[in-house]
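I opened a new page in my notebook today. I want to record what I looked up, entry by entry.

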Amino acid sequence: MTVEREDCAGPAGRARHGNADWLTGARITAVLGVYYRPEGRAGEPEAVEFVLAEDQSVLLTCASDRTLRVTPGSWPRLPDWCVPASQWHHAPPALLPPVPYGGAWTVVGTQEVRNDGGEVLQAVIRCEEGDFVVIAGDTMAIRFDPRP
């Protein structure tokens, strides 16, 4: 995953060093899409925000070249680029499961799919119950693949 500013600290006090395991051990309490209100939830989210138990969040967005960017989130506030803020909202993406018993998904690892230039196209956040798969494109796509 790519953090846009090199000096930016990752969630849960971990610095981002370019490898994909920096989220391991975090507890995800909510997964929310950032939606443009006029499109409603019928449209795909413009970003996906993973809310962590440590009162922090991680924001995944698409860059103009359809690559995935990962930055610290601003939960419960909307990202600064949501202008005007009254036209945007957080909402759970469709077809994701409810938070498991115990109140959070525990991240056991992450994986990235990159293009030939090394840019991230897809991130897989592996949890005990299954995997969140986030794919960059014109908008974001997210799904949950449960463990068998």
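My entries below go from the whole chain to single residues.

**Ground rules.** I am reading a predicted model, in which local features need pLDDT of at least 70 and side-chain atom pairs count only at pLDDT 80 or more, while totals for chains, interfaces and linings use all residues. I number residues from 1 along each chain as its sequence is written, and side-chain values use heavy atoms, with hydrogens and water left out.

**Overall make-up.** I looked up the elements and found zero helices and nine strands. Helices (H or I, at least four residues) and strands (E, at least two) are DSSP runs, numbered from the N terminus. I then checked burial: 46% of the 148 residues are buried. Buried means under 20% relative accessible area, exposed over 50%, and partly exposed in between, with a 1.4 Å probe and protein chains only. The accessible surface is about 7600 Å², and carbon and sulfur atoms hold 51% of it. These areas come from the Shrake-Rupley method with a 1.4 Å probe; for residues, only the protein chains shown count as cover. I also looked at contacts (heavy atoms within 4.5 Å). Among those between residues at least 6 apart in sequence, 51% join residues at least 24 apart.

**The core.** Which residues have the most contacts inside the largest nonpolar core? They are Ile-28, Val-31, Phe-50, Leu-60 and Phe-132, in a core of 25 residues. E1 (27–36), E2, E3, E4 (68–72), E6, E7 (120–127), E8 (130–135) and E9 (141–146) each give at least two residues to this core. E7 supplies the largest share, four residues. Another core lies apart from it, with six residues, among them Val-34 and Trp-88. A nonpolar core is a set of buried Ala, Val, Leu, Ile, Met, Phe, Trp, Tyr and Cys residues joined through side-chain atoms within 4.5 Å. I noted a general rule here: in soluble globular proteins, nonpolar side chains tend to be buried together.

**Strand pairing.** I traced E6 and E7, which pair antiparallel over seven bridges. Two strands pair if DSSP finds at least two bridges between them. Val-107 stands opposite Cys-127 in E7. The hairpin of E6 and E7 has five residues between the strands, and Gly-118 there has a positive phi near 85°. E7 also runs antiparallel to E8, with five bridges. Two residues make the hairpin link from E7 to E8. Arg-126 has Asp-131 in E8 as its bridge partner.

Glu-54 sits in the loop between E2 (47–52) and E3 (56–62). Glu-54 is partly exposed, at 36% relative accessible area.

**Aromatic rings.** I counted six aromatic pairs in the whole structure. Rings of Phe, Tyr and Trp (its six-membered ring) pair if their centres lie within 6.5 Å; planes under 30 degrees apart count as stacked, over 60 as edge-to-face and the rest as tilted. Trp-105 and Phe-144 form a tilted pair, 6.4 Å centre to centre with 45° between the planes. Trp-105 lies in E6 and Phe-144 in E9, so the pair ties together parts 39 residues apart in sequence. Trp-105 is buried at 3%, and Phe-144 is buried at 14%. Phe-50, Trp-105, Phe-132 and Phe-144 form one aromatic cluster.

I found a cis peptide bond between Trp-75 and Pro-76, with omega about 10°. Another cis bond runs from Val-83 to Pro-84, with omega near -10°. Pro-84 is in the loop between E4 and E5. Asp-55 has a positive phi near 60° and is exposed at 74%. Leu-95 has a positive phi near 70° and is exposed at 82%.
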